[in-house]
Amino acid sequence: MKVVILAGGRGSRLTEETTIRPKPLVEIGDKPIIWHIMSIFAHHGFNEFIVCAGYKGYQIKEYFANLVLHHSDVTVDLGRNLVHYHQSDKPNWRVSVIDTGLDTMTGGRLKRIRPYLTPGEPFLMTYGDGVADVDVAQEVAFHKEHGLKATMCAVAPPGRFGSANIEGNRVASFVEKPTAGTQRINGGFFVLEHSVLDLIEGDETVWEAEPLETLVMQGQLAAYPHDGFWRPMDTLRERIQLDELWNSGRAPWKVWA
C-alpha cells in the first residue's frame with residue numbers, strides 16, 4: 001500500500017524556517033520532519049512513498065537523491081573521484097517526489113498524483129508536518145473491517161482546531177470552532193480508497209472541504225480514534241517543543257528501533 005505525503009505548502013505560519021526551505025525539511029533533532037513521518041509508516045511495513053511537492057520542491061528531491069550523504073560521515077577521495085560512506089544507515093524506502101504545483105490546494109495535489117497510484121487499490125495519506133504514535137497497520141485493518149471509502153485518524157484537539165462530531169465509528173459532521181466537549185479533529189493519517197479521487201475536481205479543491213464533506217454526507221468517512229500522542233508543527237513554538245522531546249530521548253512518535 002502506497003503512502004502519499006502532502007508536502008507542497010508554503011508553511012506561512014513557520015516563516016522563521018520556511019523562507020529558506022519547505023516545511024517538511026525543517027529538522028526535528030538532526031533529521032527533517034518528513035524523515036520522522038516516513039519512519040513511522042516504515043515501522044508498520046509501509047515503505048513506498050509518493051511525496052506531493054510544490055513550494056521549494058527541488059530541495060525535497062535533492063534531499064532524497066542524496067539521503068545517504070546527508071545522514072552519513074564521508075571520506076572524499078578527490079584524486080580517484082570516490083566517496084566512501086561511514087556508518088551509513090540507508091532505509092529501504094522507495095520515494096517518488098512529484099511536482100504538484102506551487103499554489104495547488106490539498107485536494108488538487110492528490111488529484112495530480114493519481115497516475116502514480118494503482119487503480120482500485122487503497123492508499124495511505126498524511127500531511128508532511130505532523131507526527132504521532134498512531135498504529136498505522138491497525139488503522140488499515142480498521143478501514144478494511146468497516147468497508148467505507150475513507151478512514152480518518154481522529155485525535156483529541158488542541159483548542160485552536162475545528163473538530164469532527166463522531167457517531168459510532170462514522171464522522172457525522174464537522175464543527176469549525178468547538179468551545180468544549182469531547183470532539184475530535186482531523187489528525188491526518190488517512191486510509192483512502194482509490195475512488196475518493198473522483199470527488200476532487202481540480203487544483204483549487206481543498207481536500208478538507210468538499211471531498212471530506214461529501215464523504216460525510218454519504219456516510220463514507222470512518223473515524224479511527226487515536227488517544228495517544230499527536231502533534232502538528234505549524235509554529236516555531238511547536239517545532240521547538242518537538243525538538244526538545246526528540247533531544248530528550250522521550251519522543252513518543254519514535255516507534256521504530
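## Cysteines, cores and a surface patch

In this predicted model, the number of disulfides comes to zero. A disulfide is a covalent bond between the sulfur atoms of two cysteines. C52 is in no disulfide, and its nearest cysteine sulfur, that of C153, is 19 Å away. Likewise, C153 takes part in no disulfide, with the sulfur of C52 as its nearest, 19 Å away.

| Cysteine | Relative accessible area | State |
|---|---|---|
| C52 | 0% | buried |
| C153 | 0% | buried |

The interior is described next. In soluble globular proteins, nonpolar side chains tend to be buried together. Here the largest nonpolar core contains 48 residues, and F41 and W253 have the most contacts inside it. The greatest contribution to this core comes from helix α2 (residues 33-43), which supplies seven residues. Leaving aside residues up to four places away in sequence, F41 touches V3, F46, F49, L124, T126, V136 and F189. There is also a second, separate core of 27 residues, including I98, Y127, A150 and A154.

Nonpolar residues also occur on the surface. L69, V74, V76, L78, V83 and Y85 form a nonpolar patch there, and together they have about 550 Å² of accessible area. Two elements, β5 (73-77) and β6 (82-86), each give two or more residues to this patch. V76 lies in strand β5.

How values were computed
Residues numbered from 1 in each chain as written. Predicted model: local features only at pLDDT ≥ 70, side-chain atom pairs only at ≥ 80, totals over all residues. Heavy atoms only, no water. Patch = residues over 30% accessible without salt bridge, like charges linked within 9 Å, V, L, I, M, F, W, Y side chains within 5 Å. Areas by Shrake-Rupley, 256 points an atom, 1.4 Å probe, with all protein chains shown as cover. Salt bridge = Lys/Arg side-chain N within 4 Å of Asp/Glu carboxyl O. Helix = DSSP H or I, 4+ residues; strand = E, 2+ residues; numbered from the N terminus. Core = buried A, V, L, I, M, F, W, Y, C linked by side-chain atoms within 4.5 Å. Buried < 20%, exposed > 50% of the residue type's maximum accessible area, 1.4 Å probe, protein only. Contact = heavy atoms within 4.5 Å. Disulfide = S-S within 2.5 Å.
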